[in-house]
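Let's take a friendly walk through a protein chain, one part at a time. Keep the structure in view and find each residue as it comes up.

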Amino acid sequence: MPLTGDEVFGLPELPYKYPGGTLTRTCVKILDTCAPIATDEAAELIEKLGCTRAVAALYVDKANNVQTTVGVLEMPTAIAAATLAESKAGWYNQVVQPTDPITRTFEDGAAYSWVSESLYRYFIYEITGRVDGTDRTPAEVDKHVAAQNAVYHLVGDSLDRRSAAAGS
């Protein structure tokens, strides 16, 4: 059964608390093909490894000027997901956000946090920065990392439940 936005990201009307703030899911995008989410070598590798579906969401905390895009690529195997996660790190900070943010997207050179991991047969990536797209200050880094970690755990827990249900 293909991934759905509510399955991976929870219900849209439920805000997600993290240390120092509250994130609200503003949009979800589901792509039945992974082709649009990357360019160049990253896109070639994603296609070669057999990505079957991409889901992504944008979480915003306007009060703290924080936005986090989180995406999950459904791969055919755990090995494919791990191969993607272990490939050249620089490729994935260029992955296009498959969402339509209500806020500005990150501009070239704007400071942000980037992380990617594999879990089971899923590749998870997150981009976190300021809602206004400008460079963050050193004082904002801890809040951005906390927001990023909170969303990662939300998604990881959802994928854990999905994996456990599939094994039953």
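Serine 87 is buried because its relative accessible area is 16%, and the cut-off for buried is under 20%. Find serine 87 in the loop between H3 and S5. A polar atom of its side chain lies 2.7 Å from the backbone oxygen of leucine 84. Please bear in mind as you look that this is a predicted model.

Leucine 84 brings us to helix H3, which covers residues 78-85 and in which Ala80, Ala81 and Leu84 are buried. Seen down the axis of H3, these buried residues fall within an arc of 100 degrees, so they line one face of the helix. What do the buried residues of H3 pack against? Their partners are helix H2 (40-49) and the strands S4, S5 and S6.

Now turn to H2, where Ala42, Leu45, Ile46 and Leu49 are buried. Around the axis they cover an arc of only 100 degrees, which puts them on the same side of H2. On the other side of H2 you will find Asp40, Glu44, Glu47 and Lys48, which are exposed. The cover over the buried residues of H2 includes S4 and H3. Just after H2 comes glycine 50, with a positive phi of about 90 degrees.

**Positive phi beyond glycine**

Most residues other than glycine have a negative phi. Asparagine 65 has a phi near 60 degrees, a positive value in a residue other than glycine. Its place is in the loop between strand S3 (53-61) and strand S4 (66-74). Tyrosine 120 also is not a glycine, yet its phi is positive, at about 55 degrees. You can find tyrosine 120 in the loop between strand S5 (113-119) and strand S6 (122-129).

Is asparagine 65 buried or exposed? Asparagine 65 counts as buried, at 15% relative accessibility, while tyrosine 120 is partly exposed, with a relative accessible area of 36%.

**Helix H4 and two of its residues**

Helix H4 runs over residues 141-167, which makes 27 residues. How far apart are its end C-alpha atoms? They are 38 Å apart, and this agrees with the 39 Å that the helix should span at 1.5 Å a residue. Among the buried residues of H4 are His144, Ala150, Leu154 and Leu159.

Glutamine 148 lies in helix H4, and at 7% relative accessibility it counts as buried. Leaving aside residues up to four places away in sequence, glutamine 148 touches Thr68, Ser113, Trp114, Val115, Glu126, Ile127 and Thr128. Take isoleucine 127 from that list: along the chain it is 21 residues apart from glutamine 148, and their C-alpha atoms are separated by 7.8 Å.

Arginine 162 is buried, with a relative accessible area of 13%. Its side chain is joined to that of tyrosine 122 by a polar contact of 2.7 Å. Besides Tyr122, the residues that arginine 162 touches include Met1, Pro2, Leu3, Glu7, Glu74 and Arg121, again not counting residues up to four places away in sequence.

**One aromatic pair**

A pair of aromatic rings is described by the distance of the centres and the angle of the planes. How many aromatic pairs are there in this model? The count comes to one. Phenylalanine 123 and tyrosine 125 form this pair, with 6.2 Å from centre to centre and 35 degrees between the planes, and the pair is tilted.

| Residue | Relative accessible area | Class |
|---|---|---|
| Phenylalanine 123 | 0% | buried |
| Tyrosine 125 | 1% | buried |
| Glutamine 148 | 7% | buried |
| Arginine 162 | 13% | buried |
| Tyrosine 120 | 36% | partly exposed |

**Stepping back to the whole chain**

Now zoom out. The protein chain has four helices and six strands, and along the sequence they follow the pattern α-β-β-α-β-β-α-β-β-α. Of its 168 residues, 47% are buried. Among the contacts with a separation of 6 or more, 69% are between residues 24 or more positions apart. The chain exposes about 8,200 Å², and carbon and sulfur atoms supply 55% of that area.

Methods: Residues are numbered from 1 along each chain as its sequence is written. This is a predicted model: local features need pLDDT of at least 70, side-chain atom pairs count only at pLDDT 80 or more; totals for chains, interfaces and linings use all residues. Side-chain values use heavy atoms; hydrogens and water are left out. Rings of Phe, Tyr and Trp (its six-membered ring) pair if their centres lie within 6.5 Å; planes under 30 degrees apart count as stacked, over 60 as edge-to-face and the rest as tilted. Buried means under 20% relative accessible area, exposed over 50%, partly exposed in between (1.4 Å probe, protein chains only). Contact means heavy atoms within 4.5 Å. Accessible areas come from the Shrake-Rupley method with a 1.4 Å probe; for residues, only the protein chains shown count as cover. The expected span of a helix is 1.5 Å times one less than its number of residues. A polar contact is a pair of N or O atoms within 3.5 Å; within protein, one must be able to donate a hydrogen and the other to accept it, and residues adjacent in sequence count only if both atoms are side-chain atoms. The arc is that of the directions from the helix axis to the C-beta atoms.
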